[in-house]
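Student: I'd like to go through this model with you and ask, at each step, what makes a given label apply. Could you set the values against the cut-offs for me?

Tutor: Gladly; here it is.

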There are 4 protein chains.
Amino acid sequence: MSMPSFNVGILGATGAVGQTFIRLLEDHPWFTVTALAASERSAGKPYREAANWLSGKRMPDAVAELEVTTTEPSEMDCDFVFSGLSSSVAGDVEKAFAEAGFPVISNAKNYRMQEDVPLLIPEVNADHARLVENQDWGSDGFIVTNPNCSTVGLVCALRPLVDAFGVEKVQVTMLQALSGAGYPGVSSLDALGNVIPYIGGEEDKLATEPRKILGQLENGEIRPADMVVSAQCNRVPVRQGHLACISVACTEPVNVTDVTDALESYRSPLTSEDLPSVPDAFLRVMDEVDAPQPLRHVKNGNGMTVSIGRIQECPVNHVKFVALSHNTIRGAAGGAVLNAELLARDGYLSA
Amino acid sequence: MSMPSFNVGILGATGAVGQTFIRLLEDHPWFTVTALAASERSAGKPYREAANWLSGKRMPDAVAELEVTTTEPSEMDCDFVFSGLSSSVAGDVEKAFAEAGFPVISNAKNYRMQEDVPLLIPEVNADHARLVENQDWGSDGFIVTNPNCSTVGLVCALRPLVDAFGVEKVQVTMLQALSGAGYPGVSSLDALGNVIPYIGGEEDKLATEPRKILGQLENGEIRPADMVVSAQCNRVPVRQGHLACISVACTEPVNVTDVTDALESYRSPLTSEDLPSVPDAFLRVMDEVDAPQPLRHVKNGNGMTVSIGRIQECPVNHVKFVALSHNTIRGAAGGAVLNAELLARDGYLSA
Amino acid sequence: MSMPSFNVGILGATGAVGQTFIRLLEDHPWFTVTALAASERSAGKPYREAANWLSGKRMPDAVAELEVTTTEPSEMDCDFVFSGLSSSVAGDVEKAFAEAGFPVISNAKNYRMQEDVPLLIPEVNADHARLVENQDWGSDGFIVTNPNCSTVGLVCALRPLVDAFGVEKVQVTMLQALSGAGYPGVSSLDALGNVIPYIGGEEDKLATEPRKILGQLENGEIRPADMVVSAQCNRVPVRQGHLACISVACTEPVNVTDVTDALESYRSPLTSEDLPSVPDAFLRVMDEVDAPQPLRHVKNGNGMTVSIGRIQECPVNHVKFVALSHNTIRGAAGGAVLNAELLARDGYLSA
Amino acid sequence: MSMPSFNVGILGATGAVGQTFIRLLEDHPWFTVTALAASERSAGKPYREAANWLSGKRMPDAVAELEVTTTEPSEMDCDFVFSGLSSSVAGDVEKAFAEAGFPVISNAKNYRMQEDVPLLIPEVNADHARLVENQDWGSDGFIVTNPNCSTVGLVCALRPLVDAFGVEKVQVTMLQALSGAGYPGVSSLDALGNVIPYIGGEEDKLATEPRKILGQLENGEIRPADMVVSAQCNRVPVRQGHLACISVACTEPVNVTDVTDALESYRSPLTSEDLPSVPDAFLRVMDEVDAPQPLRHVKNGNGMTVSIGRIQECPVNHVKFVALSHNTIRGAAGGAVLNAELLARDGYLSA
């Protein structure tokens, strides 16, 4: 589709999420990075000096020479901002930008559960974008968030089951990648050859975020989905890719064939003709007995496809299966870019 | 207790499990290794040549010079045998030894589910040992087995809950160590930085073995426990230690305090005064928010203690927690040694 | 350049090297895979069934349905063959293909040191290709080889120094990736969190192959370079990328500036206008204090660039530095493809 | 030998080195930990609260309840102190303790190269202890240091060669463990599946420390050994154990047999009858083609033995081999404890 070109700012540009934004936006057809903000320590330096560039791919030239500013609305010349800020500062900074009239497309957790803030996955609950109309920051600004990196894969896999059968109970054990903790994140002495059966706050997010995302927008408000989710979260020595071992009880009894059909036949309401970052396959159901594996399949759909496998009958609930999603693309920066694309298409952003 | 000294043979002595038997028996107060058997290829060689010794600790001198024989009953001069054979050969060989009058203490899966064969964990179901009296191999021989390495940690943790509350439903996700696959086992190209969400046959064993182990011996037969177990098994890049993420529904509603009390107050019916390999703590309930971890806690109780942590309410079932057990000690060779100790104490073995 | 299209066969198509050939040739402008051969066990099956596909990228559709044949010349319909065979069979099979008139572009070690067989790196010793004219297999066939995966990075880095200063002595410690051992290769129990200070045959290859590759072609024969190479080879838990720690004594004293200039100013005699697989940069000299790293830089130049860093004065020899090369692309299948491109351009291959 | 009991303080008690001191001293026959000091943040707390205990073994009970103090001499009630301080603070703090009359047995680098400070390995240069008599802090205090963790293995392996043949040139490539960087140290995102070919300051220490350690004490001063050492240091994803790939040129030509004999026949001048922490074998020469390996052999001699293997002729120098040492025991806390034992035996410490 024809689309004006937007100038984009990145809050938290030197961090791991910020760097992923920059990589994903390098050749973006609609968005051009024109402003970068980070902490005082980085402000005033060109980006190539301010950032400890983690990727093996070269830093995009256009960005390398941009001067990093502080996270002040008056410092950033752009149409909207992505926020890769850590939650310790995101609350205040994102509020300031919204009040100054900026659309804020945030990966931080601070506003996710606020009633009038969309917790958005375009293929799952695009209609929730309308919540921004409820926001009032005394300006044209607003905040849109994407879910926690461990929530995303689960919710994408549940969407077809909710539609087809209704879902009542979800038991999930997460095996989460190291990159989910940011950089430097987990010490190598804790990670190498080990599992850490705890990730602060993560199990709570899995209990609450899916209910909001899969909830119904009614009279301008979200009625949370009527399901319970119980999660156990582990850190495993994997670089990229959160693997979810999921067991589901539906409203009515379902079997493996029912669920496989529902997952395979589900078609995302959006395609790459609608939004550039939508993958060819929203879900990919894999037949191989030992798939999906983080190492081999995390890049399915350029990191935007959720891969599903090992669908089996569950004698405790109805069915069980595993779902793999890319935690720093679909689960963070890539999800936020997709949110911005949806908002641009639907007229919520102005160039 | 006073105990005669037994001469012990090891079937499959050159394999990973066989080597662990040798290490655990090095200074054993009751058992002395006097016979080693392996495949044709190794037969006739001294053990130090036949075995690709995997441990960093030195091979015990007494064993290094023993000549390896084939797995023929007539070749082995000992009072009973441990079997570390792979399941592809264990069926025939163990039968031959039982028929030749040997007690066979086996780690192989072949006879585990046979009605008259004990599937034994001394602290959990010592009374099942009596099943050997039902066996008839046309000799004084018999077979006793220990459970699959992933079953053990789960069952040990469930024992107090079954006793206190009754257990109806168990959902478990296993994060299993590489050593569980033997040597050479998993290719480094599959393991490093990856998770494989499949281990052949493992989920079935977790569905069936616990029901037998926790079953009641009535009129000389085992009535399986009336519970359902649903498992999802993953291979993770950890050397030693299977971590189980467990959710349990009991016969009556229970909360975190109930379960913590039951686990902490449980006392094994056996102590190290009874059997040398019984650990000080059968279970160890850990308070730290991020424990147990395979790397740090797998050696609790010299690998014989099951470590439990993160006991939480489960909104789907009643409670959830994690349990860690040493897969090659408690879950394999160490469990078998403990079984032999029980059988020796109870008079089933003759020196 | 304009080039006819060649039909290509792959010997050892199901192995790790064979699979890499297939991936690299998927969109090749000159070469089309039309024949696949492997062991008896695979023969007669479509490739998608015969191969345990290791890559996370999908198997190319065109190849998936090809029927695998045995490694008989009469079975393969193609203009030339790549050989990814293991050395245990490559000797006989490659000979049979050469005798049957096939050009054989081999990654195996068997014929590398044979006097009339080129040991070829196009950017380093393209003129050695002429050696094939000395071969006489009683047919039009011939054999061309690429070096061992650990030799390649070293030799590429030495080429500019040999040209500029002469090289007399080379001390090299290799830190080699797991993929260099093929699949399944190294056991995860040996690899994880460990270093193995031994790789069978590797140190010898590093002592001999560079002398041939960097030798002069005189009167149709190669006079080996007059240098000594001493190597110590280690296997490290890295997936891709051999890192060489190199110390060099030149014919005349040289310092860091001399060597940096020589490496930075070196221009490969071939560009991607000549051969499609030639990378933009033959060598890339990196300034960062901690580069190159296998994880981050092995894909420089799509795995065909050799990355160099940490150039320092050496108080024992003259200078020391590290060089990183991709062992399965530049060091194996990619190197062989480049060799075939050179031979095609120079008229040694017929479509 | 009969020895009074010493009360011992630990500076930097909560850090990784400090924790290793505590573990090694748990059952020490001569030394009892009575005082613990750390940063302001920890001061005033019992040790069990102040320390993030990294080991899987339980914290010794006697230490758990000690109150941590600041690093003020007046706060510590003990006969001497071990210093596990980081170099950023060790300079000032150790000076203050020496001035206050404490013997300081330090693992920090700050005073290692100061002329009158012993850089001590008891089996290598016990006579250097006498240097403390040159120190003048205006008190009875003094400072003794142990070498960098990467220096130790190299120097221990060189000692017999220096004695037997003289050593002129040493080329060494280090493959160093993650624990050498302390905790949290290296990020798991940098470490997992990677090699980092740089460790700040390490190559310089390897160039200078061995010359002092292997130097001659003449007229109360050390004349550095007349050898050059050239090092390249890499961080590899291994938990414990620095592996050194070493090539040596001696004063006279030597071959593999000469060197093997010299290493195997070398007897440390000290035994465990002299000092409790002296291992049975100072050096262990291993025959296996692929030994020593960090994972399997780092605990040789309880981490105090240096393991040597792969002795081969070197065409550039004379011989090459690999040496493995435990970086946090022999190379840090264990080496310092051994130094204290030597000083106690020789009357430099007062109870």
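Student: What makes the relation between chain B and chain C that of a two-fold axis?

Tutor: Keep in mind that this is a predicted model. Chain B is superposed on chain C by a rotation of 180° with 0.0 Å of shift along its axis, at an RMSD of 0.0 Å. That is the relation of a two-fold axis. In chain B, the C-alpha nearest the axis belongs to Ser188(B), at 1.9 Å from it.

Student: What rotation superposes chain A on chain B?

Tutor: A rotation of 180°, with 0.0 Å of shift along its axis and an RMSD of 0.0 Å. Here too the same surface serves both copies, as 100% of the contact residues of chain A recur in chain B.

Student: How many residues are in contact there, and what area is buried between chain A and chain B?

Tutor: The contact joins 46 residues of chain A to 46 residues of chain B. The area buried between them is about 3,600 Å², with 58% given by carbon and sulfur atoms. Pro197(A), Gln232(A) and Val316(A) supply 17% of the area that chain A buries against chain B, more than any other three residues.

Student: Which residues does UniProt list for "active site"?

Tutor: The unreviewed UniProt entry lists Cys149(A) and His242(A). They are spread over 94 residues of sequence but cluster in space, the largest C-alpha distance being 7.9 Å.

Student: Why is Cys149(A) called buried?

Tutor: Buried means under 20% relative accessible area. Cys149(A) has 11% relative accessibility, so Cys149(A) counts as buried. Cys149(A) is found in helix H6 of chain A, residues 149-165. Beyond its neighbours within four places in sequence, Cys149(A) is in contact with Glu202(A), His242(A), Ser325(A), Asn327(A) and Gly331(A).

Student: And is His242(A) buried or exposed?

Tutor: His242(A) has a relative accessible area of 1%, so by that cut-off His242(A) is buried. His242(A) is found in strand S11 of chain A, residues 242-250.

Student: What makes the pairing of His242(A) and Gln176(A) a polar contact?

Tutor: The cut-off for a pair of N or O atoms is within 3.5 Å. The side chains of His242(A) and Gln176(A) are joined at 3.4 Å, as a polar contact.

Student: Now helix H9 of chain B. How do you know that its buried residues line one face?

Tutor: Within residues 256-265, which form H9(B), the buried residues are Val259(B), Thr260(B), Ala262(B) and Leu263(B). Seen down the axis of H9(B), the buried residues fall within an arc of 165°, so they line one face of the helix.

Student: What do the buried residues of H9(B) pack against?

Tutor: They pack against helix H6 (149-165) and strands S12 (283-285), S13 (306-313) and S14 (319-325) of chain B. At the start of H9(B), a side-chain oxygen of Asn255(B) reaches to within 3.1 Å of the backbone nitrogen of Thr257(B).

Definitions and conventions. Residues are numbered from 1 along each chain as its sequence is written. Chains are lettered from A and ligands numbered from 1 in the order in which they are written. This is a predicted model: local features need pLDDT of at least 70, side-chain atom pairs count only at pLDDT 80 or more; totals for chains, interfaces and linings use all residues. Side-chain values use heavy atoms; hydrogens and water are left out. Copies are superposed by least squares on the C-alpha atoms of residues with pLDDT of at least 70 in both. Contact means heavy atoms within 4.5 Å. UniProt positions are given in the numbering used here, feature names are shortened, and annotations may be inferred rather than shown by experiment. Helices (H or I, at least four residues) and strands (E, at least two) are DSSP runs, numbered from the N terminus. Buried means under 20% relative accessible area, exposed over 50%, partly exposed in between (1.4 Å probe, protein chains only). A polar contact is a pair of N or O atoms within 3.5 Å; within protein, one must be able to donate a hydrogen and the other to accept it, and residues adjacent in sequence count only if both atoms are side-chain atoms. The arc is that of the directions from the helix axis to the C-beta atoms. Buried area is the accessible area (1.4 Å probe) that two parts lose on being put together, summed over both.
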